[in-house]
Amino acid sequence: MSKRDLILDALQELLYEGTAGTASVQDIASKAKIAKGGLYYYFKSKEEVLDALVERQYSYVIETCRTKLAAVDAPALEKIKLLLFFYRSTAVDRALDSALHEPQNAAIHQKSNAFIMQKLAPIVSGILQQGVEEKTFVCAHTEQTAELLLSPIIFLLDPGLFTWTEQEVQLKLKALAQMLESSLQAPPGSFTFLYENWTTQSLK
């Protein structure tokens with residue numbers, strides 16, 4: 001195993017222990033059993049270590065979604081539905097996910113959400129462009145619309161940030177569906193899949 005991975009594993013262990021949020025560079029180096037200078041050879045700061053750990057953990061989720069979607073020949077609406085399904089159902093390290101929702105790890109949690117947004121938005125943008133070409137959607141700004149579609153799912157409905165009742169989540173998803181249908185000039189009922197069959201475990 002490379003020293004870089006040892007450093008990331010060390011930070012992940014600190015995350016499990018609930019001390020990553022306050023850990024220093026020296027703490028991470030000590031956990032990795034390397035000299036502090038050895039850590040600086042790979043990373044300039046603790047922030048860079050955090051960024052790399054988030055990227056390593058969630059790249060798998062994003063790439064799995066991308067690969068599965070690339071194998072599907074379907075209309076744009078179906079692809080959006082499938083992408084959200086792949087995203088919610090792709091296995092992640094549940095211990096890490098739980099740790100990210102601890103108050104002391106809020107900064108790392110925010111980084112993970114931002115990373116997911118940045119990586120998923122281009123995929124959704126491409127699907128929206130497909131919908132435009134199919135004449136299912138009318139959308140002049142696919143990239144920005146993709147971000148607006150994902151924001152509620154990744155941020156607003158994150159149980160680590162907000163505590164909503166199931167009814168409140170249903171209402172928010174219905175509002176999102178209506179907004180998308182209106183803004184994209186999609187057929188009525190096109191986005192009902194956002195809230196149909198929703199359960200308390202269906203969104204991260």
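**Close-up views of a predicted model**

**K33 is found in the loop between α2 and α3 (36-42).** Helices are DSSP runs of H or I with at least four residues, strands are DSSP runs of E with at least two, and both are numbered from the N terminus. This is a predicted model, in which local features need pLDDT of at least 70 and side-chain atom pairs count only at pLDDT 80 or more, while totals for chains, interfaces and linings use all residues. Residues are numbered from 1 along each chain as its sequence is written, and side-chain values use heavy atoms, with hydrogens and water left out. Most residues other than glycine have a negative phi. K33 is not a glycine, yet its phi is positive, at about 60°. K33 has a relative accessible area of 75% and therefore counts as exposed. Exposed means over 50% relative accessible area, buried means under 20%, and partly exposed lies in between, with a 1.4 Å probe and protein chains only.

**K135 lies in the loop between α7 and α8.** The phi of K135 is positive, about 65°, although K135 is not a glycine. Because its relative accessibility is 75%, K135 is classed as exposed.

**The largest nonpolar core has 64 residues.** A nonpolar core is a set of buried Ala, Val, Leu, Ile, Met, Phe, Trp, Tyr and Cys residues joined through side-chain atoms within 4.5 Å. The members that touch the most other members are L39, L120, F191 and L194. At least two residues of this core come from each of α1 (3-17), α2 (25-32), α4 (46-70), α5 (76-89), α6 (94-100), α7 (106-133), α8 (142-156) and α9 (166-183). In soluble globular proteins, nonpolar side chains tend to be buried together.

**L39 touches I7, V25, I28, A29, I34 and V49.** Residues up to four places away in sequence are not counted in that list. A contact means heavy atoms within 4.5 Å.

**Helix α5 has 14 residues.** From its first C-alpha to its last, α5 reaches 20 Å, close to the 20 Å expected at 1.5 Å a residue. The expected span is 1.5 Å times one less than the number of residues. Which residues of α5 are buried? They are A76, K79, I80, L82, L83, L84, F86 and Y87. These buried residues pack against α4, α7 and α8. An α-helix has 3.6 residues a turn, so residues three or four places apart point the same way.

**D73 sits in the loop between α4 and α5.** Is D73 buried or exposed? Its relative accessible area is 82%, so D73 is exposed. D73 and S112 are 39 residues apart in sequence, and their C-alpha atoms are 30 Å apart in space.

**A175 is in helix α9.** With a relative accessible area of 33%, A175 is partly exposed. A175 and L194 are 19 residues apart along the chain, with 10.0 Å between their C-alpha atoms.

**The whole chain has nine helices and zero strands.** Of its 204 residues, 45% count as buried. The C-alpha trace spans about 60 × 35 × 25 Å along its principal axes. Among contacts with a separation of 6 or more, 67% come from residues 24 or more positions apart.
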